[in-house]
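Please review the aromatic contacts and the helix packing in the structure below.

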Amino acid sequence: MWVGVAAALLANLLFSVGFVVEKRALSGLPPLSAARPWQVLAHLLRSPLWLVGAGALGLGFVAQLAVYRTLPLVAAQGLFVTGLVMLLLLSPVFLGEKSSGRERAAMVLILAALVMIVLSLRGGGEAISHAAPTPLLLGICVPSLLLGLLVFGTAERRSRRRHRMPTAGVPYGVAVGFLYGVSSLAIKGVAGLLEGNGLGGWVLAVLGSPYPYLLMCTGSTGLVLSQTALQRCRASLIVPVCTTVTFLFTVAAGTIAFDEPLPEEPLRLALRLGGALLAVGVLLALPRHDEPPAAEPTGPAPRESAPHGAAPYGPTPHPAGGPVPVPRPQARTKAYGPTPLATDHRTEGTFHVP
């Protein structure tokens, strides 16, 4: 059990470091577009810093193999969710992404979820499923991949519209989350094939299963989509959304495909599900948009005050910032009668009409 917990924490650290390093590298690259995948790949492979981040993510996926071999699916995913705390700690230091008060409170609640999930693992002896029927697995994964691509394509079309609202990271995170969810199921299947096979038998079993081909599809597609999304949006916004969708999809689809039972003891079941729901609830409550910067005043420059008793020359500034024309002088009347005043245009003076 403790080996799985340690491997999950190590995977969280590697994933967080990988995302931060990749985001730092992407800020120095030209704008990426998922419509030109080969160009995206060429830009990424020419960046040494990005290769370091990709290497950290690759090691994180290797650590996941140990997690899925020793921990149940729900517990493993719950521990992976807690990696958000590491990301929120690293982002302000290395990316300059300031954490809000809600994000700092989320760290405390996610740590509480981590403790609940770890306590639910005490006692051991849980059944861990390692295989899933291929037709059922493909029937879940293929539509999910298509849905992720559809969501990403819709977000791309909306981002190219004129007079659009600022692009949010939520649809990008949802799309990548579906791809990573399929990848998690494939990794669990590869880990299950290690059971009772030597190295040669394991290689043959893996090649004869759908798992490596799912990983190739999610790896290549997810690489282009995730890096495009990560370049455009904050890492501390993209990753929480992606993690939430990955968690929900993997737990729901994986429990069906691998037929993995939950703990029978009421206390352990409550801790397991309560910790998972708390982690998901915290992620869903995180802010999805950056706070807008304070608006600068856009009104006209302050005018010099006119002498006492004199009207200012030209239009008077309006409180809302726009000019208001000065009204023309109105004709006056005598106090004792309605005789108007006429204007002499030669002298611009006034005289009484007898």
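Predicted model: local features only at pLDDT ≥ 70, side-chain atom pairs only at ≥ 80, totals over all residues.

Residues are numbered from 1 along each chain as its sequence is written, and side-chain values use heavy atoms, with hydrogens and water left out.

**Aromatic pairs**
- The whole structure contains four aromatic pairs (Phe, Tyr or six-membered Trp rings with centres within 6.5 Å; planes under 30 degrees apart are stacked, over 60 edge-to-face, the rest tilted).
- One of them is the edge-to-face pair of tyrosine 68 and phenylalanine 80, at 6.0 Å centre to centre and 80° between the planes.
- Tyrosine 68 lies in helix α3 (residues 48–70) and phenylalanine 80 in helix α4 (residues 73–81), so the pair ties together parts twelve residues apart in sequence (helices are DSSP runs of H or I, at least four residues, numbered from the N terminus).
- Tyrosine 68 and phenylalanine 80 are both buried (under 20% relative accessible area, 1.4 Å probe, protein chains only).
- Phenylalanine 152 and tyrosine 172 have ring centres 5.1 Å apart and planes at 70°, so this pair is edge-to-face.

**Charge over a ring**
- Lysine 188 lies over the face of phenylalanine 258, 5.4 Å from the ring centre (NZ of Lys or CZ of Arg within 6 Å of the centre and within 35 degrees of the ring normal).

**Helix packing**
- α8 packs against helix α10 (residues 211–232) at about 150°, with axes 9 Å apart (axes are lines fitted to C-alpha atoms over the stretch in contact; angles run from 0 to 180 degrees between N-to-C directions).
- α8 and α10 are therefore roughly antiparallel (angles over 145 degrees).

Definitions and conventions. Helix = DSSP H or I, 4+ residues; strand = E, 2+ residues; numbered from the N terminus. Buried < 20%, exposed > 50% of the residue type's maximum accessible area, 1.4 Å probe, protein only. Parallel < 35°, antiparallel > 145°, perpendicular 65-115°, else oblique.
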